[in-house]
Amino acid sequence: QHALPVFVDSDIETFQIDARKIEPLVNERTKAIIPVHLGGSAADMDAVLAVARKHNLLVIEDACQAWLAQWRGRNVGRLGNCGCFSFQASKNINSGEGGAIISDDQEFIERCFGFHTQGRMRKFSNEFGYEMSGTNLRMTEFQAAVLLAQLKRLEAHTKKREDNAAYLTSLLREIPGVVPARMYDGCTRNAYHLYMLRYESGKFAGMTREQFLKAVRAEGVPLSAGYGPLNKSPFLKSTLQSRGFRRLFSAERIARWEEQNHTPANDRLTREVCWLPQNCLLAERSTMDQIAEGILKVQEHAAEIARV
């Protein structure tokens, strides 16, 4: 509670956290590193874990979009101290909302159980015994049944996403101005919750990203803009100005944080990134051809679209 997040810049080619930039931001107050396996592709866990070991830091893997993704043959979420997964409606398997935490640290798991069960620890599960503050985040039996059914097809769906993504990448690399996200060499499996690419307007007669997206959607390609810059979100500014934070952090500390809060590569990514949702990659291979054809058609008419 009341932790102050320090944002690490992104790698422009992989769209993941740039692990080379973590260590300069570590100080005596740093407690954990939270790599995000964005889109289902693995962050550079070799570099992340090396920094964590050197500075005795926890590693909390955000694997919410990365079911069955792997780093050097090991499933992500199992490499750090804990891994977090999501069952939200857009995810590769979903129950509308919810999620899961995994860890080999039994004491930590017991605390997670207590937090999501109104502060009741597992030893009190049949009694009204409260050992900590908590909330009610328990999953229903109906949601669990829906998820168990989806687990039976998760491997087959993941393989189909991989195959279609590889084929689509081979097509899009032939279109100037469309740059698919690269995977790190250690990423031995990409879950492809998102198929991510960068749009370079200079190769499309200067069309804005908004014009490009509108045009490709008209061709039946459900491409959309990606996330905005989290480190510039309004909620963060209002939180830093709140009384609670002002009591915990000095004005000088917050000012120093604001001076460090620069992520130029991520700023560029949020201006250029586009992506397809994971369900597109469950279509037939011919759909990948249609996606590439739609984008190519927009490029061929880019000059006239840009003038509109």
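With 308 residues, a compact globule would have a radius of gyration near 19 Å, and the chain, at 22 Å, agrees with that. The radius is taken over C-alpha atoms, and the globule rule is 2.2 Å times the number of residues to the power 0.38. This is a predicted model, in which local features need pLDDT of at least 70 and side-chain atom pairs count only at pLDDT 80 or more, while totals for chains, interfaces and linings use all residues. Residues are numbered from 1 along each chain as its sequence is written, and side-chain values use heavy atoms, with hydrogens and water left out.

**Whole chain**

- The chain has ten helices and eleven strands, taken as DSSP runs (helices H or I, at least four residues; strands E, at least two) and numbered from the N terminus.
- Along the principal axes, the C-alpha atoms fill a box of roughly 65 × 50 × 35 Å.
- Of the 308 residues, 43% are buried; buried means under 20% relative accessible area, exposed over 50%, and partly exposed in between (1.4 Å probe, protein chains only).
- Among contacts (heavy atoms within 4.5 Å) between residues at least 6 apart in sequence, 61% join residues at least 24 apart.
- The chain exposes about 16900 Å², of which carbon and sulfur atoms supply 53%; areas come from the Shrake-Rupley method with a 1.4 Å probe, and for residues only the protein chains shown count as cover.
- The mean positions of the 40 positive and 36 negative charges are 3 Å apart. Lys and Arg count as positive and Asp and Glu as negative, with His and the chain ends not counted; each charge is placed at NZ of Lys, CZ of Arg, CG of Asp or CD of Glu.

**Asn190**

- Asn190 sits in the loop between β8 (187–189) and β9 (194–199) and is buried, with a relative accessible area of 6%.
- The Asn190 side chain makes polar contacts with two backbone nitrogens: that of Ser41 at 3.4 Å and that of Tyr192 at 2.8 Å. A polar contact is a pair of N or O atoms within 3.5 Å; within protein, one must be able to donate a hydrogen and the other to accept it, and residues adjacent in sequence count only if both atoms are side-chain atoms.
- Not counting residues up to four places away in sequence, Asn190 touches Gly39, Gly40, Ser41, Glu162 and Met183.

**Ser95**

- Ser95 lies in the loop between β5 (82–86) and β6 (99–102), and its relative accessible area of 14% makes it buried.
- The side chain of Ser95 reaches the backbone oxygen of Glu97 at 3.0 Å.
- Leaving aside neighbours within four places in sequence, Ser95 is in contact with Phe87, Met139, Gln143 and Leu147.
- Ser95 and Thr140 are 45 residues apart along the chain, and their C-alpha atoms are separated by 9.7 Å.

- Phe15, in the segment before β1 (32–33), has a positive phi near 70° and counts as buried at 5% relative accessibility.
- Ala205, in the loop between β9 and α4 (209–218), has a positive phi of about 60° although it is not a glycine; Ala205 is partly exposed, with a relative accessible area of 46%.

**Asp267**

- Asp267 is found in helix α8 (residues 264–272) and counts as buried at 15% relative accessibility.
- Beyond residues up to four places away in sequence, Asp267 touches Pro229 and Lys232.
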